[in-house]
Each structure stands twice: as C-alpha cells, then as structure tokens.
Amino acid sequence: MLTFEFDPVIFGFAVAGIIIILCIIAIAVLMWSQVLRTQQALQNNTNAQTLEAELAELKGRLQSLADITVTRQSEVSRNLHERLDKMSHNLGRNLSDSAQKTSENLTQLQERIAVIDSAQDNLTKLSGQVVTLQNILSNKQARGAFGQVRMETIIQDGLAQNSYTFQPTLSNGKRPDCLIHLPNNPAGIVIDAKFPLEGFEAFRNAQQETERKEAMKYIRQHVGTHIDDISQKYFLPGETQDTAIMFIPSEALYADIHEFFPDIVQKAYRARIIIAAPNMLMLAVQTIQSIMKDVQMREAAGLIKQEVTKLTDDIHRLQDRVLNLQRHFGQANKDIDQILTSADKISSRGRRIETLDFDREAENLAQTATKAKDISAPPEVLAGE
C-alpha cells in the first residue's frame, strides 16, 4: 500500500497559487466594474478625451497585472513540477528498496521453511522409530530379543568366535542367553539378557506416592525373583562359574537401580550376580579378551621362541647377503669404470674418423706395434686397453 507524506512546501505553493488566482479574479471584477462605470461616465461626461486616456491607462495596468500573474503562475508551476519530480524520484527509490528487502525476506523465509521441513521429516522419522521402540519394549518377547541382540553385538565385537556360545544347553536342560568360554577352564561365564521393564515404567510414570511405592514393590519382587532364577538355573559346579552377569540393555535402568534400589544391588552381590549395563559389559568383555590374549601368549611362548630364533637366523643370513651384495657392487663399479674408459676411447676414435684424422691414427698404431714387439703381446690387446 502506497503512503504519501504531507509536504508543507508544496502545500504553501498550492495555497499561494490559489490566492493569486483569486486576487486576479477580484481585480478583474473590480476593473470590469470600473470599466462599466467609466463607460457610464463617458455616456454622461462630455469630455471624451479624458475618459479615453483613463481607459488606456486602465488597459495598461490590466496588461501589466496579467503579465505579472502569468509570471508568478509559471514560477509556481515550475516549483510544483520540481517538487513533484523529486517526490516521484524518492517514492520510486523507496519502492525499489522495499521490493529488494521484501525479496530478501522472502528468500530467507523460504530457506527457513526448507530447514523446518527437513526438521519435520526428521522428527517424523524419529517419532516412527520411537513408536517402534516402544512397541518392542512393550512386548516381553520382543524386549527379550532386543536385549539379546544388544548383548550379542557387544560379545561378537569384543571376543573371538570360539570364545562364546549363544543359547547353549546346559546339563540341567537350561539355556542361558550366552556362555563365555574361559581358557584352561571348562567352566564358562553365564550372561542373561532378560529384564523386567513394567515396574520401571510404572515407577517413572507414578504421579502419587502410593503409586510410586507400589511400583517400587513390584520392581523389588520381580527383579529379586529374576536374580533367584539365575542363581538356581545357571550355577552348575564344573560347568559354569559361580558368578553370572545379568545384562540390562539400558544405562537409564542401570542408573535407576543403583540410585533407588540399593537393596537389589546388595542382593545381586550376595548372590554373586553382576548387574551390567552395555558399558559395563563392554568393559568386562575387554578384560576377558586381555586375559585370553595373555593365556594364548603363554601357551605359544615356545612357538614364539622358535620363531624368534628363526627370525634371528634370517637376520644373520640377510646381513651376509647384504655384504655379498656390497662386494658385488664394488666389482660392478670397477667394471663400470673400465667400460667408461673403453667408451671414451671409442668416442675419440669416432671423432677422428669423422674428422679424417688418419695420420695421428697411423702414428698411434705404429707406437702400439712397437710396444707389442717389446713386450711380446698382440697389438689388438694393447690397442684395446
């Protein structure tokens, strides 16, 4: 929407023009009435020459007034045009700046809308994943599979394939989620990946103290029962260790247990059951991996000693061969020097042939033959030196 601001200068020029026009009209009316009176006086006056002179003077005054009026009107018109042109220029420039700023704001708005759309898509995907995770955690079987998958991933990343067994069958017919085999020890470490989640959800969503106490009672009952089941099912002398791991696939649940349920932690400690979150299980797996590597190093100490001896022999042989290679390089350098000497002689001989310098060549041959007679050697041999 276009807005025009009040300009006092233009308004003053307009008012002055209107006043001048009204003055001209009033003067014209007055003069016209004077003319009428003069005509009437001419009719009544006998002195016609005096009346004509007054009419001529009045006509001249009217002409001067008309010229002044035209001049003033042209000045007012020019000033009005200048002010209007300046206002139009300023208005056009303001409109151009406003259009540019509007375009920039629209561009920024489009960019922000694109960012918002991308964030909305990410939120939609995340909400779908949260719903899927909620569906998984709401189902006991799916929740057990979720914990089993996390535990298996940690074990597979940290240990060798022959160091563990998933879902093994013990001698009592029970099947733990994982059994870690220790070196030089038939008894393995049992890992159980099942955990009760309903009580923790009720504990977190409790609005009143009574609901909170009921949820805590439920958690103590079910987690305590789970600890008893592990100690009764998976502790077999000679087949499993007397310490087991209860895996909880959530750091938040692990923190809640240690913060609000220290009695459960003490019960698990007395039952020789370690409550482990993903980070704790990773640390335990790395420790077991280090122990296994140390045992393997000890078992392979003899083989390592034999390999070190062989490696030392190989180093000595390599040293001898390097020395032989150095001698060969020395002989090769000597041969290369002799080859370069022969090449220089061949090059000089070629230059003499090119310049037809056979006299010097004949003298060299004669000298070579003389030397050959003195030492009883073939000239060809001496010439080739």
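Q: Which strands does helix H8 lie across, and at about what angle does H8 run to E2?
A: In this predicted model, helix H8 takes up residues 278-299. H8 lies across E2, E3 (185-192), E4 (244-247) and E5. Against E2, H8 runs at about 30 degrees.

Q: Why is one side of E1 and of E5 left without a neighbour in the sheet?
A: The sheet is an open one, with five strands in the order E1-E2-E3-E4-E5 and mixed pairing. E1 (164-166) and E5 (273-276) stand at its edges, so each has just a single partner strand.

Q: Why do the buried residues of H6 end up on the same side of the helix?
A: Helix H6 spans residues 251-260, and its buried residues are Leu253, Tyr254, Asp256 and Ile257. They share one side of H6 because, around the axis, they cover an arc of only 160 degrees.

Q: What do the buried residues of H6 pack against?
A: Leu253, Tyr254, Asp256 and Ile257 are the ones to follow here. Their partners are H4 (198-205), H7 (262-270), E5 and H8.

Q: Which residue caps the N-terminal end of H6?
A: Look for a side-chain oxygen lying 3.4 Å from the backbone nitrogen of Ala252. That oxygen belongs to the capping residue, Ser250.

Methods. Residues are numbered from 1 along each chain as its sequence is written. This is a predicted model: local features need pLDDT of at least 70, side-chain atom pairs count only at pLDDT 80 or more; totals for chains, interfaces and linings use all residues. Side-chain values use heavy atoms; hydrogens and water are left out. Two strands pair if DSSP finds at least two bridges between them. Helices (H or I, at least four residues) and strands (E, at least two) are DSSP runs, numbered from the N terminus. Contact means heavy atoms within 4.5 Å. Axes are lines fitted to C-alpha atoms, for helices over the stretch in contact, and angles run from 0 to 180 degrees between N-to-C directions. Buried means under 20% relative accessible area, exposed over 50%, partly exposed in between (1.4 Å probe, protein chains only). The arc is that of the directions from the helix axis to the C-beta atoms. A polar contact is a pair of N or O atoms within 3.5 Å; within protein, one must be able to donate a hydrogen and the other to accept it, and residues adjacent in sequence count only if both atoms are side-chain atoms.
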